[in-house]
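Please read these points with the sequence and the 3D view open side by side, and look up each residue as it is named.

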Amino acid sequence: MARGNNEILANLEQIVGPEYVSNEEADLQPYTWDMTWAEPRMPDYVVMPKTVTEIQRVLRLANHRKIPVIPYCNGTNIGGLCVPEEGGIIMDLKKMDRILKIDPETCYAVIEPGVSHAAFSAALKATNPQWKGEEFSKGFEFGWGVHPPSASVLAMAINHGIGHLNGRIGINSQLMSSMEVVLPTGEVAKIGSCAYSDSWHSFLPLPRMDGLFTGWLGTTGIVTKLGVWIFPIRPYRDVLTIAAASAEDITKYMVRWRHYSLCDEVTAVSWWLAQIPIVFPYSPKPADAPEFFSYTVISGWSEEELAYKRKMWKEVVEKERAKGTKLIDFEYPPEAKKGRTELPSRIVGSTKNYSKSCGGGIAWPGTFAPCKSWPILYEKWKEIYIRHGLSPATRFTDYQGAHYGMLRCMTPFNKRDPASVQAARDAMVECVRAGLPEGMLPYKPPVEYQNELNAVADAGYLYLMTKIKDMLDPNNIMNPGKLGIR
Amino acid sequence: MSHLLKNKNLKELAKIYDWVSMCTHCGNCKYGYEYGPTANFAAMLCVQGDKFNFDSYRGSRGKVSLARSLLHNRIGWSDKVAHVLFTCTSCGACQQMCETDIKPWILRMFETLRYEAWKQNVAIPENIKAWSSTIGTLYNPYKEPHEKRLDWLPSDVRASLPKKAEYIYFAGCTASYRRKQLARATVSLLQKLKVDFTVVEDEWCCASPLLRTGQYDLAAKFVEHNKALPEKYGASAFITTCSGCYRTLGRDYMMDAPEGYADKYGKMTGVKVLHTTHLLEEMLNKGEIEFTGSFNKKVTYHDPCHLGRHAEVYETPRNVLKAVPGLQLVEMYRNRKFSFCCGAGGGVRGGFADYSLETAGKRVKEAEATGAELVTSACPFCYTNLADAIELNKSPLKMEDIVEIIEPIVRRK
Ligand SMILES: Cc1cc2nc3c(=O)[nH]c(=O)nc-3n(C[C@H](O)[C@H](O)[C@H](O)COP(=O)(O)OP(=O)(O)OC[C@H]3O[C@@H](n4cnc5c(N)ncnc54)[C@H](O)[C@@H]3O)c2cc1C
Ligand code: SF4
Ligand code: SF4
């Protein structure tokens, strides 16, 4: 069965070629949903452009006919962000999958939207840091998350994705260095150093116009090329672990350890998230089990550097213990250690850890929150989750310097059971509502969270946001419905 | 609510909805990837997605999604649905990548979807329909008379074979009718190795093409018939050079769902199923084989999906090749569990010959890139597709099955 109309289909075929466009329901159906509770919605067309020019022409057509366009790479965002709220054209960018440049001297790469974490990590590992041909070390890395390796590097970065270098260097949107974007009205613009030469190394010292396309969930344009900083792989790596009886105690330890800026990452997971798979539906943890388990990844250029970091870490643990913080020793299972050091990992990213046997649904209140709010919100969230029959499978991760970090609750649910879906959605929305006054902000937010955000946002902020959106996208064709402002 | 099982008419599919619904839509199955200490493996493995682009075609996610969309009554059957279903080669790469509870059910789900498709008024590929219309009486999908099934076997050899034996050499339809030299080489090899075997005139198609294309009802009598052969001929094992037959006899006849169809057709018990390379490896290990010559060539091995991913036999054929004097084995980038299909399986060679050969052409290019002079495999069906692609693309590569490499240069110690 076909959707849309034949005239537009013919226009799209002219632009991208008949092989790269479809309006058949059988082709459209995988784009109707994702792993979250988002209600499936049918697009009317899917197109797979191969060039910037094709994207421009599709956007001009869409503008002319006022058809929504949803940028799409792999649809793994855990926010229903590619579900076409108002139908329209899914712009599947997987065919634009070239790694255009890896500069091993200036340490950046330029990629297209379709470049997967799998392909990028393989290419970076095969490229050695060097100066004029003289090699310093083996391989580069980027901030690898724990998502499926097929996910797009670009889509992750422009939506404030979180990778394994977040503690040392920052989240992935902080590692972006230049971009090329097609505006909703079809013009192409370069932003950052690439606007002046073919060097894609930095946005600074220019006005930060990349902000118009970062964190906007594909509602302001199509990013067609992205420069990102890459980092030499440090040959020595270790994972240090400690547990705690409470969220308060684990936070104290994490914040102190982070002040030293010695680790790549420090994360804590609640007992429920440490179970594989996450306990579903909720059942209490054994009374003698720690509430939180934490790991920190340290890396270095020599065994001595690693030994120094281990020594400092031990000091932090001892100092905290001396103050009365209850920290409990525990050993990380080898499989878990692998999952933390061998990234991107298809094992972690497969979602088996999160959703085995529960019925396919996964969502999260995934948020950025000031570290001091973690224990307060954990207690609130725990109460909410248990009330809804869900396990408080919570994660804290510090982002570069103890200012703020991830607070998130990975939530499996049974998609076949309306009550289970409802409970998960209600619990998560309630968590977001509870968190906003504490400085917590959801990332890659589903529409439901966006509505919560907008309800309490500064009026001037919403005014400016709307003005920018209207200026860039006068016909509101780009991923409409996701920001809750139009 | 949109995730409820609404379409109860799709009875077979509905039966496995519990498993289908375990897919999280994560997309791991869309691309091959593995972390490695020095280099990461990353490559497209889905034959179908590589050709037809959209997510509907790419890995299992698109087809699980299709199954759900049909069960939820969100979409109806169409020719396009049939195209999505029948252009998958059942290579199993997506299943290999998946890590959630749907994993073991993925290929079974594809076959169940195809089973349901046969009951709809949709465009099943004409060629599949054509062989399906005669297989019930000819017992092979090549539309050849059953009486000619043993024509490949020289009459003097036939006369010399015992009526009853320990092994039944199950040649399969492709070797019997299209790649007769492979059947002859296998028989000669088994004779040289003094294996107690026979060849039977009432061998029928193993039912692989029927099961892979979802023709469950037609498959029943084939399974029943072949299952009775060992007892009839006093044999305790089937041995085959065909990976498709190996998978079907060894798994579909012997294992319950989701690995096999014993739940549907009853279990074959008390019988061993071996691929020829299993026997070769075992005899090599026991020191029972002596090489009388060498094979001085650089060779790359193509993993048949039915032997590799479906049955997890990766090292056996390699061990056999490594034992051959003079043979230098080189690997393609995509190998073992991350191999790339030859493009023939799942009914695709019959249903979509051009696309099938295009896929084989990609594999041939990959083989060429190793610098090998010869590509070998352990399946007459892979042989056919790769050899045809070699010819079509005027590739300098030669194609030989493992048995063809081994047979001229061995004897029993
Ligand atoms: C199990 C699991 C674990 C995860 N862990 C992490 C993690 O550790 N860190 C993390 O950051 N994420 C994580 N994620 C979320 C997600 O996988 C990543 O953010 C991923 O990189 C998104 O890539 P994608 O190709 O699926 O993007 P999509 O979902 O296709 O797109 C994401 C958003 O970007 C927009 N978009 C896509 N391409 C463009 C473009 N070219 N221009 C403009 N807008 C565009 C889309 O419209 C959408 O709003 C996880 C997901 C799963 C399922
Ligand atoms: S079985 Fe092979 S061709 Fe079919 S969807 Fe899976 S990976 Fe693709
Ligand atoms: S089939 Fe497996 S790997 Fe593919 S989307 Fe579903 S759960 Fe993920």
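1. A polar contact is a pair of N or O atoms within 3.5 Å. With that cut-off in mind, and remembering that this is a predicted model, one can begin with A:N159, which places a polar atom of its side chain 2.8 Å from an oxygen atom of ligand 1.

2. The backbone also takes part in such pairs: a backbone N or O atom of A:I162 is found 2.7 Å from an oxygen atom of ligand 1, while for A:S152 a polar backbone atom and an oxygen atom of the ligand are 2.9 Å apart. The protein buries 99% of the 980 Å² that ligand 1 exposes when taken alone.

3. Which residues come nearest to ligand 1? Among the 37 residues around the ligand, these are A:P71, A:T76, A:N77, A:I162 and A:K444. Sorted by class, the shell has 21 nonpolar residues, 15 polar ones and one charged residue.

4. In chain A, strand 3 (69-72), helix 5 (153-158) and strand 12 (222-229) each give at least two residues to the shell around ligand 1, and helix 5 of chain A, with four residues, has the largest share.

5. A search of the whole structure, over all chains, finds zero disulfides.

Key
Residues are numbered from 1 along each chain as its sequence is written. Chains are lettered from A and ligands numbered from 1 in the order in which they are written. This is a predicted model: local features need pLDDT of at least 70, side-chain atom pairs count only at pLDDT 80 or more; totals for chains, interfaces and linings use all residues. Side-chain values use heavy atoms; hydrogens and water are left out. A residue is near a molecule or strand if one of its heavy atoms lies within 4 Å of it. A polar contact is a pair of N or O atoms within 3.5 Å; within protein, one must be able to donate a hydrogen and the other to accept it, and residues adjacent in sequence count only if both atoms are side-chain atoms. Accessible areas come from the Shrake-Rupley method with a 1.4 Å probe; for residues, only the protein chains shown count as cover. Ala, Val, Leu, Ile, Met, Phe, Trp, Tyr, Cys and Pro count as nonpolar, Asp, Glu, Lys and Arg as charged, and the others, Gly among them, as polar. A disulfide is a pair of cysteine sulfur atoms within 2.5 Å.
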